[in-house]
2 protein chains.
Amino acid sequence: MAVYTHLGAEVLADLIGQYDVGKLVSAKGIAEGVSNSNWLIETTGVDGTGARFILTMYERRIDVRELPFFLGLLDHLAAKHCPVPATIHDRAGNAYRDLDGKSVALIEFLPGVSIDEPTPQQAHAVGQALAQIHTASEDFSATRANDLRPADWGKLFEQCGDDAIAAINPDLLAAIQSHLPTLIDDWPEHLPKGTIHADLFPDNVLMLNDTVSGLIDFYFACSDIAAYDLAVTHAAWCFSDDGTQFHSDISKGLIGGYLSSRSLTPAEQEALPILAKGAAMRFIATRTFDWIDTPDTALVARKDPMAFVRRLNHYDALGQNAFHIPDQTANG
Amino acid sequence: MAVYTHLGAEVLADLIGQYDVGKLVSAKGIAEGVSNSNWLIETTGVDGTGARFILTMYERRIDVRELPFFLGLLDHLAAKHCPVPATIHDRAGNAYRDLDGKSVALIEFLPGVSIDEPTPQQAHAVGQALAQIHTASEDFSATRANDLRPADWGKLFEQCGDDAIAAINPDLLAAIQSHLPTLIDDWPEHLPKGTIHADLFPDNVLMLNDTVSGLIDFYFACSDIAAYDLAVTHAAWCFSDDGTQFHSDISKGLIGGYLSSRSLTPAEQEALPILAKGAAMRFIATRTFDWIDTPDTALVARKDPMAFVRRLNHYDALGQNAFHIPDQTANG
């Protein structure tokens with residue numbers, strides 16, 4: 001959301017000098033990243049024709065001990081030609097460095113823009129790219145526990161307290177009380193797991209026309225249920241922001257794109273409604289916590305948890321019909 | 001300081017389509033500009049080899065009626081080969097357009113980085129570039145009144161109130177009471193006037209090694225005393241941030257660079273101490289006002305007005321000796 005640290009030109013030029021990327025030409029702090037500072041860096045490039053990078057400084061939330069997982073995952077996926085930015089290693093081979101006591105990483109810059117109102121074709125490409133990273137990460141050996149699983153949502157709500165939750169909206173508390181116990185008890189732990197992005201909102205996808213040019217911001221990536229990642233992406237892409245409108249053409253495109261690259265087992269298909277309700281609850285949990293944690297007067301816009309209560313209710317009402325799994329037996 | 005408005009990819013692509021600059025490839029909100037939103041835009045370029053621009057959306061403070069002055073000045077100076085970004089005009093010739101009820105302008109992107117700790121050579125280049133815009137704007141016909149002149153500083157202090165000012169620091173109130181009346185009474189209105197930048201802090205100068213590649217952020221530019229602009233730049237560049245250290249080598253470089261391109265009349269030279277005290281008071285005024293106007297809890301870092309009280313005291317103590325005007329009679 002901001003640049004939290006000032007980095008002078010001299011410090012930046014020294015840092016860039018540790019990499020084999022040419023000399024520093026330009027650096028602009030960019031307004032991206034929830035808990036990092038980011039700069040768009042331009043250098044002369046190795047061959048003098050210019051090159052661009054994203055420099056990320058890890059400010060908080062991200063545990064430095066997890067950087068090898070995040071940065072190693074980018075390298076693994078980029079090597080398999082997934083549309084993700086590769087980590088640039090310094091001359092000594094390090095994926096990240098220390099700068100004034102904070103960790104920094106230099107990441108490949110990818111072209112593309114984030115889409116607000118996707119077409120079905122674009123949703124298809126997003127689904128396909130998501131399946132592609134699921135498949136490509138099957139032999140990625142590092143693991144990272146998901147710290148936002150059903151029991152963790154419960155802990156966040158406990159920290160908020162029922163009164164504070166009801167004060168935001170009584171329907172919010174009712175939705176949590178009505179659905180959370182079932183989600184915790186019936187969570188489909190038996191489904192195939194792998195490395196997932198876990199936060200693939202439109203902000204985190206760069207597109208050039210109908211092509212995905214970049215999946216970015218892997219700092220929620222973890223080892224968890226693959227089909228849950230599809231459910232998160234479905235909740236993120238197939239509704240109007242406020243959750244009042246469901247776009248079935250986008251849903252069809254997204255699911256179709258995913259299935260064009262990775263099939264879902266019958267058990268995965270069957271679990272989509274509970275996974276999607278869980279995906280909605282995961283964002284209800286963090287949005288509710290942040291709502292209570294953020295003062296009214298803060299400059300940061302708070303995100304309404306009710307937008308995901310509406311998604312939860314939609315998934316609850318439609319069940320399997322919220323998804324658009326082509327009848328595979330007809331083709332089989 | 002931030003991006004205040006979300007612009008979707010579709011809206012941006014439409015906007016860029018109004019200009020003859022190729023197609024949109026990438027857009028990153030950048031963390032610059034005090035009262036504007038800014039994006040670093042990449043396009044395919046007219047010839048397909050890529051081009052970059054800054055898109056500025058004018059959010060507040062800036063009166064749209066003043067845009068022809070600001071943007072016209074950039075065009076005037078760029079045409080005279082000053083290191084300033086040219087305004088890109090749309091196909092209909094407009095320097096700015098309306099987008100969702102706000103004005104936006106597309107500006108040339110210039111390479112370079114802002115220097116924290118300039119060398120004397122760099123300060124020389126900055127002084128020379130400042131003189132260059134003073135000379136190049138002599139035949140710029142548009143004018144804009146400076147709305148931060150000595151009487152305006154007084155009005156800002158009145159709005160703050162003596163008690164609130166003394167609560168920041170009693171020395172702050174004492175410095176204002178001791179110097180403001182003289183500055184108002186003796187302000188050298190008779191000196192040569194022209195178009196000035198009026199805010200040439202290191203943030204607003206892009207450099208590539210010892211060369212000035214860009215002077216940016218002309219949104220305080222106005223018609224006022226040319227030597228006052230040199231005094232502002234001197235106060236901005238020749239001290240440590242907190243005003244406790246004066247760097248005489250930077251002062252020599254800056255003044256020497258200015259004089260290498262534009263001479264100062266004896267009256268201008270003689271007035272430098274009062275102009276520099278005025279420059280310090282101008283930033284004391286806005287920093288004091290902003291300090292009181294910004295809640296403690298805001299995420300925006302407040303800038304200490306005492307840093308400019310220290311500069312004011314330095315100029316008051318050293319008088320003419322704070323500047324380093326070479327003895328021109330020796331060469332004359």
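Figure 1. Asp224(B) counts as buried because its relative accessible area is 3% (buried means under 20%, exposed over 50%, and partly exposed in between, using a 1.4 Å probe and protein chains only). Like everything in these views, this comes from a predicted model: local features need pLDDT of at least 70, side-chain atom pairs count only at pLDDT 80 or more, and totals for chains, interfaces and linings use all residues. Residues are numbered from 1 along each chain as its sequence is written, chains are lettered from A and ligands numbered from 1 in the order in which they are written, and side-chain values use heavy atoms, with hydrogens and water left out. Asp224(B) makes a salt bridge with Arg149(B), and their closest N and O atoms are 3.7 Å apart (a salt bridge is a side-chain nitrogen of Lys or Arg within 4 Å of a carboxyl oxygen of Asp or Glu). The two partners are 75 residues apart in the chain: Asp224(B) sits in strand E10 (residues 222-225) of chain B, and Arg149(B) in the loop between helix H3 (120-136) and helix H4 (150-160). Helices (H or I, at least four residues) and strands (E, at least two) are DSSP runs, numbered from the N terminus. Arg149(B) is partly exposed, with a relative accessible area of 24%. Over in chain A, a network of salt bridges links Arg149(A), Glu189(A), Lys193(A) and Asp224(A).

Figure 2. What happens to the residues of strand E2 (residues 36-43) of chain A, buried or exposed? Eight of the eight are buried, so the strand is largely enclosed by the rest of the structure. Asn36(A), Asn38(A), Leu40(A) and Glu42(A) point one way, while Ser37(A), Trp39(A), Ile41(A) and Thr43(A) point the other. E2(A) runs antiparallel to strand E1 (residues 24-30) of chain A, joined by six bridges, and Ser26(A) stands opposite Glu42(A). E2(A) is also antiparallel to strand E3 (residues 51-58) of chain A, this time with eight bridges, and here Ser37(A) has Met57(A) as its bridge partner. Two strands pair if DSSP finds at least two bridges between them.

Figure 3. Rotate chain A by 180°, with 0.0 Å of shift along the axis, and it lands on chain B with an RMSD of 0.0 Å. That is the relation of a two-fold axis. The copies are superposed by least squares on the C-alpha atoms of residues with pLDDT of at least 70 in both. Ile30(A) comes closest to the axis of all the residues in chain A, its C-alpha being 2.0 Å away.

Figure 4. Two salt bridges are counted between the chains. In one, Glu42(A) and Arg52(B) meet at 2.3 Å, N to O. Glu42(A) lies in strand E2 of chain A and Arg52(B) in strand E3 (residues 51-58) of chain B, so the pair joins two chains. Glu42(A) is buried at 12% relative accessibility, whereas Arg52(B) is partly exposed at 26%. Glu42(B) and Arg52(A) also meet in a salt bridge, at 2.3 Å.

Figure 5. The domain assignment gives domain 1 (9-108) and domain 2 (120-331), with bounds that come from an automatic or database assignment. Their centres, taken over C-alpha atoms, are 28 Å apart. About 1800 Å² is buried between them, with 69% from carbon and sulfur atoms. On the domain 1 side, Phe69(A), Phe70(A) and Pro83(A) lose the most area, together 35% of what that side buries. Two salt bridges cross this interface.

Figure 6. Most residues other than glycine have a negative phi. Asn209(A) has a positive phi of about 55° although it is not a glycine. Its hairpin, formed by E8(A) and E9(A), has two residues between the strands. Asn209(A) is exposed, at 65% relative accessibility.

Methods
Buried area = accessible area lost by both parts, 1.4 Å probe.
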